[in-house]
Every structure is written in structure tokens, then in C-alpha cells.
Amino acid sequence: MISEISQSLQLNIYASILVPTIGAILIFLCSRFRGLIELLFVSTALCLLGVTVSIVNLGADIFQQTVVLFNLIGTIPIAFHIEPLGILYACVASGLWLVTTIYAIGYMNANKEKHLARFYMCFCLAMAAVMGIAYSANLLTLFIFYELLTLSTYPLVSHKGTDDAKNGARVYLGILISTSIGFLLIAILWTWHSTGSLDFTVGGIVENKLPNGLLMLLFALYAFGIGKAALMPFHRWLPSAMVAPTPVSALLHAVAVVKAGVFCVLKITVYIFGIDVLNSTGVNSPIIWVATATMLLASLVALQQNNLKARLAYSTVSQLAYIVLGAVLATSTSIMGSSLHLATHAVGKITLFFCAGAIYTASKKTLVSELHGLGRIMPFTFAAYTIAAISIIGLPPLAGSWSKWFLVDGAITADRLIIAIAFLISTILNIVYLMPIAINGFLRKPDKSLRGAKEAPFAVVMPLCVTAGLCLVLFFLLGYVYDFLLLLPLR
Amino acid sequence: MIGSHYPILQVVIPLIAAPLCSLLPKNKLPWLFATLVSWITFAVSIVLLVQVRNHGVLSYELGSWPAPWGIQYYIDTIGAFVLVLVSSIASITLLAARELVESEIAKEKHALFYTAFLLCLTGLLGIVATGDAFNVFVFLEISSLSSYALIAMGDNRKALTASYEYLIMGTIGATFILIGIGLLYMQTGTLNMLDLKQRIHEVDSFRSVHAAFAFFTVGICLKLALFPLHHWLPNAYAYAPSVVSIFLAATATKVALYLLYRVFYTIFGFEFSFDTLHLGYILLPLSIIAVIISALTAIFQPDVKRLLAYSSLGQISYMTMGIALETKAGLIASIIHLFNHAFIKGALFMCMACLLSRMHSTALVGLAGAGRRMPWTCAAFVVAGLALIGVPLTSGFISKWYLVVAILEKDWWWLAIIVLITSLLSVVYIWRVIEQMYFREANGKYSNAKEASPVLLVCTWLLVLATIYFGIDNSYPVGMAVEAAEALLK
């Protein structure tokens, strides 16, 4: 029985990584036939979703097993395992990828973007890296796929080839590689040196191995080294990456890349440090303050952004800080809130970015000040925007309300009333920078320049309606995710 | 019967082939002959490696004169390892050489070019294979003199000055090594390395031995291009013909590093070199300065071959840094990087050769737009560049890992941070080249350049795939490095 499960587990994990890779290779080979590569792109996403569902179906027995590929360095293997956080991340990423494929095809065609084969190919490779991160069983595997994710998304960010795109991509790559080699790699090597292990283990591996001061430094190295979690001051890559076409911004920088970052933070908090160690030694304090500061400052900066995607980018920085904050507060409630927020924010943010792309496609407008009255011309887009915005703000009956609840509750149970208040202040700021777009869209009169605009093409609008609907549906179904996450072995 | 003569065959085959090569008529024959010889040499080195792993150290007496009076060839794990490395690089380089030589070197000199190349190969192999100190000097001079000639054959006029500068500095280095050998001979009465190892510590006048140590240090560091004796390297690599750059960048300094291992670990012994005479105190600061300065200088180079040359200086310093740690782990890291870097630099210079063959320029601005026109070449450069930076799944990552772990074992945090920061600097200069290739438009005359020829591409990708392969399955290099380190430290 157990060996049957482990066989199919092995198969499924390898399939998760191989399916997008093979998709990328096939797209490369068929690069001349546009219709075919679009079909390949969607079918790859569909297959990956199928594989992820079959992993979920394997049930909770699989949680104790590690699948070892081979030893890469000495005795350290490339190894994979399944645990609740990983499945959550994998489901979010692969589910939303399917929706994004349709959106991407519609968007790229409507905006007459070029180099489609390279775009779809790198997208698939990025998703393969995402799956590798989701299922990694030790820090070495995590680091490998983390770097592969950075490298595979670089061509996507610089896709347009304009000077702006090149500069933005340069900042993107510069910050991510500098933090990963300069901080994360050192943290991993230090962990190896002081504990002799890199495996993700229940209860963590650093207990009693380092004095508190050094442990605090190690934790900080991890937090800043995972540049994809966009903790200030290493957050600048996110707004810079907005030069990418919107499907990239939507999936990768609302879902896959940034969630990879916070997922790594969550995993390291739970399985390398362990929440008990963090609470008893208090080494998480500096990062708690850094995350809180990021949360508030990023919201304040978002207020000042006139460019819609830039505003959403800073909003993402702020929301990621929520997840990091929930993780490093290190109580079971806050980690629950953090994990739920990973899912609900992903669905909400991707909708917002989809809307931004739809607005650009339909009217070529990118500035918030130019969107007055557009809601009457593009009702579906703006309705979806409103739903997603309310979800992110955290009001029922939308999914984000649950995660916000658990996050605030987590802060209170951790005796950090100030953090709870900070969450609430940030929520108010969310309202201030997200709602006016919807309000002005519906209630103001459209500007003369918007005269010829109509709703965006079906392939662009349908996905955002689906994800907006998900924000609503998840409010009711989040209970299943909650029950699933209760299986998270925190100690 | 022939089985027992492999050690000497390793050197004799290219040695005899060299003058034969100069007699060959001027069409493709010299190239074909040289390539075949290099492949035979490679086969011999593989046989030697297998024999060493199965039977332990190989020892061969020339002319059956017994050691220590006769010349003895002594091949242990590190020796066999480096022999395989040098001959494999030579084989791949020569395979790609025909087209490169035809485009860069005057027709009359072709046969002489291959002759000099084979002599250089002989010299390098001889340094590694021999167990006699004076024999080392002989082969060192053979390889050096032939490399001066090879570098001078570059079609840029600066090649002559580069070669001349290398000649002066290289001769000083070789002479210092000779003086060192002479001083030791004077005190111990033997030239055989194993014999020296025993007799050195029974010597009366320790001053001579200390002086010999000093001369060896300076001489070898000159050949190794360790700061501040590095000045000959950038010009020599930049202005030499492509084939020569590829070969020398991948092998010459590695053999010098082997000589360092041999002299300071085998002849003088670990305790004497590091505990008594504190070689580590010399190597460590120089290595640190070298890594930082070479990385910073590389960032501002306008010519890509010079950029890669400065990069080599930094990478060699990582290897000496590993030695300076004075631990077995450090030595292992040094040997692993010796192996990995040879393939990485070979691949990078081979990409430059491809680019030169079509875009006729190795200047940074001259490579604009190459990514579109020569996709395979530039893709190879990207992968090899990532290996140089040390991205996981490439061999460069494995080397960096072992080096930083070895540093952390000594609790030298500051050094680990320096190593990682200089890796970030290498990101900067590699990315400069990649940006030129992919994000600029091709200008002027060479905007209709085509992809490099299939032979060049295959050779380039062979080296690139080697870096990826050894990044994933590194059991052989690491295993051999561990064995070699243990043997050296005994």
C-alpha cells in the first residue's frame, strides 16, 4: 500500500516538473505555428492542473514521504516531498495558470505582441520552477528552483524589448540575484555548517544550534535573501517588473513569483526554524517590525501612484508583507491566516491585474486619473475589479475577509496589539487606494478620450470574471482549505 | 608490454609528433595530424587515470635507470586528473582549430602553429607526469617557449608585445624555479621529488631551503598569475589567436597550480610549507586582493577577451584561496574548482572564437545584436556565464559551495562574504556581455553575420554541456579531488 502510494507520488512529482518543461520544449519546436503554440500553452496548463489534482487526491498519507532524485553535493540530495503548504501553493499556482493562459492568449493577440513562442516557452519554464519550489524537501532543492524561477522570468519581464523594459528587467534581475546569492545562499551554507542538515523537518532544525544573536542574524538573512517576498528595502524589483506584459504581471507577480517568495518564508519559518523556537527565542522580532513597516510604507507609496500597475505593484508589496508578518508572528493562528492569505490574495490580485490589462487593451489607458467613467463602458471589468478590491480589503462576503480575520487574530493571540492595529490601518489604506478606481469608474462621467472604447475581448474578460467569481466562491469554500491546513505539522 | 610504458608515452607521443608536424605539407594535414595526436594523448591519459585508480601511484623509470639517479615519472591521482583535463581540452580545442587557424594565422605558419601547439601540449603534460624536479623545469620551458610563439602569432600587432611581456616575465618565473631547484639540489644532492621529500628535512643549512622555498613561491605564482605577478595574463589571453586563448586559459594556469601542489605539498610537505613557513599568510591576502580587483577591472573592460582574462585571474585566486585555508576541505575545493573552471573558461573562450569568426570583433560594442544572429553561440555564452557566476545546476555552483563550506569550517565569515560578493560582481560583467548580445541592435558592417560553423558550435556546446553535466553529476570530479587531496596531504 505504502509503496504504491510512493510510486505514484514519485510519478506525480516528476510529472509536475516535467509537464511544463516538455510543454516549453514543444512550444520551442513548433515556434512557427501560432495557433499550435497557443494550444500547447493551454493544454500544458491543463495537464499540470490535472497532475496537481491527482497529487491532492493521494490524500494525507503522503505527507511523511520524501522522494529523492539523486545526491547533488556530497550527501545533499535534490529531494521532494508533499506537505500542506506546498500543495496549497501548487494548487493556487497551477489553477490560476490555467486561467492565465486564456487571458494571455487573448491579451497578446489583442495587443499584437511579438515573440510569442519565446513568451509562452519561458512561461512554461517558470511554472516548472514554481512546481519545483512547491515540492522541495530541502533548502538546496529550494534554492535551485528559486534561481531557475528568477532566470526563467527574466525574458518575460524584458519581453517588450524597449529601453524601459530593459532597465526594468535589469533592476528585477539585479535585486533578485543579489539577494539570493548575497543573503540566501550564505544563510543556506551557514545552516548547513551549523546544523549539518538542510532538510525541511517538523519542528525545525536550528534548535540549540546557534546562540540567539546569531540565530536572529540567520533569520534576517533568510528574510532578506528571499527577495521575492519583497521585504523593504529589497522590494524595488516588483514595481520595476511592471514593464512586463500584463499576463506576466498577473500570474507571475501576483501569484507565482511573489507567492514563491512568501511560500519560502513560510516554509523556512515552519520547517527550518520551527514556530516554537521562534517564539521562545524571540529572534523573529526584527523581521516582524520590518514586515510591519513594509506593509504600511508600501500602502502609503501605493496611494501616490498614478500608474495603475504601479499602484497594484506596491499594493502587492504591502500584501506580501501581511503574509510574511503572519508567518513570522509564528503562532498557529497567524500561520493559518498567512497561508489563507496566500490563496485569497492570489485570487484577488490576479483579478486586479487582469482588469488593468483589460483596461489597457480596451482603451490604452494606464493612469488612474484617466479611468473616470470607464466602468460604464466596461461593466464586467470594473465589476470584477470591485469584487477583487473588496476581497483584498477584507470585507465579507469575499474570501479575503477570512484571511484578514485570522491574521489580525493571530497578532492579538501573539500579544502584539500594535501589529493588529497596523493591520487595521493598512486595511483603511487599502480602501483609500483601491476603491476610488471602482467608484470613479462607475459614478463619474466618461472622459471624451474614452469615446471609442468598449469592453475588452472575450478571452480577456472571461478569465477575470472567473477569478472574481472565485473570490466570492472561496468565501464559502475556504472552510475546506482551513481544514486541510489544520494538518500542517507545526510541532 | 606496452601497458607499462603509458606514463612516458603520454609525453613522448606529442613530443615526437611535433617536429613531424612541421614537415607536413601545408593543407589540412598538419591540423588532422595534430588532432589525431591529441586524441591519442587523451586516450593515454584516460588509461593512466584508470590505472592509477586501480593500482595506486604509477611510477616509471626512464631508460630503466633506477630512481633517484635516473629520471622517474610519478603519476598519482592529482596528476592523472590534471593529465586527463589538459588532454581533453587540447582534443576539443584542436577539433575546432582548423577553421579558426585558417582565418587568423598566415598560411605559411599553419604547420608551425600546430607544431608549437603540440610542443606546448607536451610541455604541460610533461610537467604533470614527471617526478623529477629538473625535468619539470625542462618541460616548463618547453611549454612556455612554445606559448610565447603561439601568442605572437595573433593577427593583432599587440600580440607581439603581449608575447614579449609574457616572455620576460615567464622567463623570470622559470629562472626562479630553476634557482629553487638548484638550491635544493645543492643541499640534498637529488633531483627526484620523492627523494627530495625525504631529504629536505635532514639538510644542515636551512637557510638554503628557505631561500629555495621563496624562489619557488615567486616563480610559481608568476606562472599562476597571482596578484601582483599577473600583469602578463590579460594581454596574453586577449591578443593571442582564438585557439591559443582557449587552450591556455583552460590549461596553462591549471598546470601551474598543479606545480604548486607538487612543490609545496609533496616536496616541501604540508607542515613545512604551511605551519613553519606560513605560505597561507602569503597566498590569502594576495588571493583576496586579486579576486576583488580582477572582478572590478573586468566590469570596465571594453574587450570581452580581456574581460574573461581578468575573470580568470579572479577564479584562479579562488583556487589559491582554497589552498590558503590550510585544511583538507580547502584543498578539495581548490582541486574541484581547478577542474570545473577549465571547462567553463574553455567554453567561454570558445564562444568568443565563434563570435570572432563571424562578427570579426571581440570588442564589447562589436558584439551588439549577436544574440539574434548567432543564437546558439550566444546561448552557449549565457550558460557558461551562468556557470562562472555559480548558478545552481552548473559546475561553478558546486565549486563555490565546496569553497564556502571549507571557509565556514574555519569560521572565517568575512571571507565567505567576500567570495559571495565577488560572485555578484561576476554577475555584473557577465550581464554586460549578455546585454550587448541580446538587447542591442547589430551595427554596421556585420549586421548580416550568420551562425558559427557546425564544428565550432559542436565543440563549444561539448564544453558547455560538460559544465552542466558536472554541475549535476559531480561524483567523479569530487571523488577524485578527495582522493587527490588525501594523497597530497599524506
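**Helix packing, core and enclosed spaces**

In helix H19 of chain B, the buried residues are B:Leu456, B:Leu457, B:Cys459, B:Thr460, B:Trp461, B:Leu463, B:Val464, B:Ala466, B:Thr467, B:Phe470 and B:Gly471. The model described here is a predicted one. The buried residues of H19(B) pack against elements of both chains: strand E1 (66-73) of chain A, and, within chain B, helices H3 (77-104), H14 (328-359), H16 (375-389), H17 (395-409) and H20 (475-489). The length of H19(B) was also examined. This helix comprises 19 residues (454-472), which at 1.5 Å a residue should span 27 Å; the computed separation of its end C-alpha atoms is 26 Å, and the two values therefore agree.

The largest nonpolar core contains 404 residues. The residues with the most contacts inside this core are A:Ile133 and A:Phe273 of chain A, together with B:Phe113, B:Tyr261, B:Phe268, B:Ile335 and B:Trp401 of chain B. For A:Phe273, the surroundings were listed with neighbours within four places in sequence left aside. On this basis A:Phe273 is in contact with A:Gly203, A:Gly204, A:Val206, A:Leu215, A:Leu218, A:Phe219, A:Tyr222, A:Ile268 and A:Leu278.

Five cavities of 30 Å³ or more are present in the structure. The volume of the largest cavity is about 130 Å³. Its lining is formed by 14 residues, and those nearest the centre are B:Leu124, B:Ser143, B:Tyr166, B:Lys223 and B:Ala252. By class, nine residues of this lining are nonpolar, four are polar and one is charged. Three helices of chain B, namely H4 (110-129), H5 (133-152) and H10 (242-267), each provide at least two lining residues of the largest cavity. Of the contributions to this lining, that of H10(B) is the greatest, at six residues.

The lining of the second largest pocket consists of 20 nonpolar and two polar residues, with no charged residue. Helices H3 (84-110), H13 (332-363) and H18 (458-485) of chain A each supply at least two residues of this lining. H18(A) contributes the most to the lining of the second largest pocket, with eight residues.

How values were computed. Residues numbered from 1 in each chain as written. Chains lettered and ligands numbered in written order. Predicted model: local features only at pLDDT ≥ 70, side-chain atom pairs only at ≥ 80, totals over all residues. Heavy atoms only, no water. Core = buried A, V, L, I, M, F, W, Y, C linked by side-chain atoms within 4.5 Å. Buried < 20%, exposed > 50% of the residue type's maximum accessible area, 1.4 Å probe, protein only. Contact = heavy atoms within 4.5 Å. 1 Å grid on protein atoms, 1.4 Å probe; cavity = no way out; pocket = protein on both sides within 12 Å on 5 of 7 lines; lining within 4 Å. Points joined across faces, edges and corners; volume = space filled by probe spheres on them. Helix = DSSP H or I, 4+ residues; strand = E, 2+ residues; numbered from the N terminus. Nonpolar A, V, L, I, M, F, W, Y, C, P; charged D, E, K, R; others polar. Expected span 1.5 Å × (residues − 1).
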